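User: I am new to this structure and would like to learn how to read its features with care. Could you take me through them one at a time?

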Amino acid sequence: MKTLLLTLALSAFVLPSAFAEPVRPNIIILWTDDQGYADLSIHGNTDYQTPHLDSLAKNGVRCTDGYVTQPQCSPSRAGMITGWHQSRFGHEENPPNDADPKLGLPLAEKTLAEYLKGAGYITGHVGKWHLGHHSSQAPLARGFMESACVEGCFDSVAAQEAFTESIRSKFTTRGKYAVLWRNGVPEQMPGYIGDVVADEAAAFIERHHAEPFFLYWPHDFPHVPVVTEEKYMKRVAHIADEKRRAYAAMMLAVDDGMGRVLDALRKHGIEDNTLIFFMSDNGGPADGRLPCSNGVFTGAKGGMSEGGIRVPFFVQWKAALPAGKVYSRPVSTLDIVPTALAAAGVKATPEMRLDGVNLLPFFKGEAIGDPHERLYWRYLRRDLWAIREGDWKLRHDKGKREQPKLYDLSQDPAEANDLATQQPDRVKAMQATYETWAKDLPKPLWSNDKAE
């Protein structure tokens, strides 16, 4: 009998081969900034290697058709962190750099951090924020219990201006990255920002490895300004183009940082039961300052072509998801919140107004078909919109009055062959579907024609 009881007790810790979900995994989101789709070795880059980022795909699920909700930084983050399309609540472009509580993620919208904090998770933020510059919009006010932030949030415009003036004398290094805001208090950045954010992320894991945690790690790299460190530049000295070499050095810092975070998880034996999401906030830009690569995809940040909205999208959860799976149906960063909540055992309610879906059954082969019947995009000020329905995409480009362009992405991911004139009925039906979705959307809460 004792042997039987021991066997039963031990079996409670053995996961069945069908990848049954363990209880309350840790959750990490690494979210790079302006990274090109093809700037990973697993996506074909040969200028440098990204073994730690690649490992997330090799040990988890790589989504080939992963999308953000907007080809611009702040609205893309707003949709992801709430799970509700940002155009539904007016956060449709980057807020102006102004300490105004109305310019940022509306306070009525709850974040993933708030949901998980309510479920008993320790919640931490490291890196960029870009969801509002007022103190009421700061990470600590939006569900995060700890924050090591590279941008400040202020109580007033006057306080923001006063700090901007003081930074010139008090904080003297690295320009934009002179200051680290630790739980809202500014201090001198203790080193190279590419290393500091990784160290802060690893330290958060060290502090909280014994309890379920959520770490949101929106990296500032490889967005401009280009800030490099000699140890990384030496590793890419073979790249002849100076700008590409600097970009590569920043990507090495991101990859090494992911390695340090994985090391921290492995040190405490918790990597297997940690759900890790990795993606970029939009496609790589095409303004020449960052020589990134979106691979076969046309277009770039700021546009509705695939190069603007399709991003690297990896999900690792060793204890629950198959390793090395390539998933080729459309998924969205809107899916992160419902997927994370499902993994954490938090029931999604209608009050959450989630537009995404739980991807776990699709990744494990328990659900068939597309997770989304359709995906939508709108950028009203720039007169841009798009809809994807299955493999078909209808795209309206900035300021153009002619027929929207139609593409079969299964045959033409580069969007080189416009099929609109060949399939007018499909164009008409998809445009009508988009217009039905868009007709009740509010006007954007602000306009920012200086936004990058």
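Analyst: In this predicted model, an open sheet of 10 strands has the order 7-6-5-4-8-1-9-10-2-11, and its pairing is mixed. Strand 7 (185-188) and strand 11 (325-327) are the edge strands, each of them pairing on one side only, and from one strand to the next the twist averages 15°.

User: Over how many bridges do strand 5 and strand 6 pair, and in which sense?

Analyst: Strand 5 (residues 146-149) and strand 6 (residues 179-182) pair over two bridges in the antiparallel sense, and A148 has R182 of strand 6 as its bridge partner.

User: Which helix packs on the sheet, touching strand 1 and strand 9?

Analyst: That is helix 10 (residues 336-344), which touches strand 1 (26-32) and strand 9 (274-280), and whose direction makes about 175° with that of strand 9.

User: What is the order of the open sheet of four strands?

Analyst: The order is 13-14-15-16, with antiparallel pairing. Strand 13 (375-379) and strand 16 (405-408) each have a single partner strand, so one side of each is left without a neighbour in the sheet. Strand 13 is joined to strand 14 (residues 384-389) by five bridges, and W377 has A386 of strand 14 as its bridge partner.

Technical notes:
Residues are numbered from 1 along each chain as its sequence is written. This is a predicted model: local features need pLDDT of at least 70, side-chain atom pairs count only at pLDDT 80 or more; totals for chains, interfaces and linings use all residues. Side-chain values use heavy atoms; hydrogens and water are left out. Two strands pair if DSSP finds at least two bridges between them. Axes are lines fitted to C-alpha atoms, for helices over the stretch in contact, and angles run from 0 to 180 degrees between N-to-C directions. Contact means heavy atoms within 4.5 Å.
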